[in-house]
Amino acid sequence: MMLRIVKMGGNETRELPIINLSDKNLKQNTELWSFTRDSVREAMEHHGWFVAEYNNFPTGLHQSILEAAKELLDLPVEIKLKNENHKAGHGYITMMSDGQPVHEGLGIDQVNDVQQCRGFSRLMWPDDHDDNDRFCETVHAYAKMQAELEQLVIRMLFESYNVEKYTEKYIGGTRYLLRLLKYRRLPNGEPNRKFISHTDKSFISILHQNHITGLMLKSEKEDVWYHFTPSPTRFVVIAGDAIMAWSNDRIKACYHKVEMESVEMRYSLGFFSFQEGMISTPEEMVDKDHPLAYNPFHHDGLLEYYETLEVHLKAHRTMTKAYCGIP
Ligand SMILES: O=C(O)CCC(=O)C(=O)O
Ligand SMILES: [Fe+2]
């Protein structure tokens, strides 16, 4: 993977680390696979994230999931409030400015289970079967595609660390959350900077969005912020706090934030993986340069712990260290 720094009129803009994960020849035990797998690991260790170029999904899905997000987030607040979930960031969230919601999100837990999608769409559109069937189908198709992408990344990472023997157990024990998000500029015309720099509590997160820019990602090793340039076939793969602990700090959870100033709405989709059971650092990750840094922990326990923290601490990966780190 090449990283070039492009100079533009005195301002320095760094080229995004983009990895093509949709080549039809990308099959295990090929040179292309090994090269791509190594690029994924290198990017995750260097930046904590990368952009996947990925087009293995039906044409039209990008547009239909964005329309579904719009339709959902346009519902009245009293309906959206029905999306309750006690787990950190799993239910309806909103941030206000001058009495107006400028950031809103809804979460569909266990989104790869069609019954969960159905339950969610019935909750949102109790009387309209057409709307809720269409929404459910779109969301489920999108979640299927995203889970395939997440599992491809996992296969590559586990193989590159020589721990592929744990891959199937990991995949079998994964629960996915889909969050549909909407951002607007502040009523006074100022940029919306409400979604402050934070790390995700997931294992892996995948971000995708409409054409309105605003997402920024911090590179771990370079210590600089990259501006993401969206496209229908670009997905940002981000390391969460759980993979940081699993990998014994070889991969660091990625700090990211949103700053948007467009008059048009920004819609985005966050797809997050969580483990149902215990997460423990494989012994293969431990050596004299990397002494064991985390005790085994329950992913849900980590989420519950984050729920007890005040808002600024919640944003920090250091709290994962506080929860299950070995001092
Ligand atoms: O809207 C985005 O692109 C970012 C969302 C995000 O960081 C999150 O939901 O955790
Ligand atoms: Fe995030």
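## Ligand 1 and the iron site

In the side chain of His256, an N or O atom lies 3.0 Å from an oxygen atom of ligand 1, a polar contact being a pair of N or O atoms within 3.5 Å. The model is predicted, with local features needing pLDDT of at least 70 and side-chain atom pairs pLDDT 80 or more, while totals for chains, interfaces and linings use all residues. Residues are numbered from 1 along each chain as written, chains are lettered from A and ligands numbered from 1 in written order, and side-chain values use heavy atoms without hydrogens or water.

| Residue | Distance |
|---|---|
| Arg179 | 2.7 Å |
| Ser268 | 2.7 Å |

The protein covers 98% of the 290 Å² of accessible area that ligand 1 has on its own (Shrake-Rupley method, 1.4 Å probe). Two or more residues of the shell around ligand 1 come from each of E7, E12 and strand E13 (266-275), strands being DSSP runs of at least two residues.

His256 (NE2) also coordinates the iron ion (ligand 2), together with His198 (NE2) and Asp200 (OD), at 2.1 to 2.2 Å; donors are N, O and S atoms within 2.8 Å of the metal, or 3.2 Å for Na, K and Ca. Because His198 lies in the loop between strand E7 (174-183) and strand E8 (204-209) and His256 in strand E12 (residues 256-258), the pair ties together parts 58 residues apart in sequence. His198 is buried, at 11% relative accessible area, and His256 is buried at 3%, where buried means under 20% (1.4 Å probe, protein chains only).

Key
Helices (H or I, at least four residues) and strands (E, at least two) are DSSP runs, numbered from the N terminus. Buried means under 20% relative accessible area, exposed over 50%, partly exposed in between (1.4 Å probe, protein chains only). A polar contact is a pair of N or O atoms within 3.5 Å; within protein, one must be able to donate a hydrogen and the other to accept it, and residues adjacent in sequence count only if both atoms are side-chain atoms.
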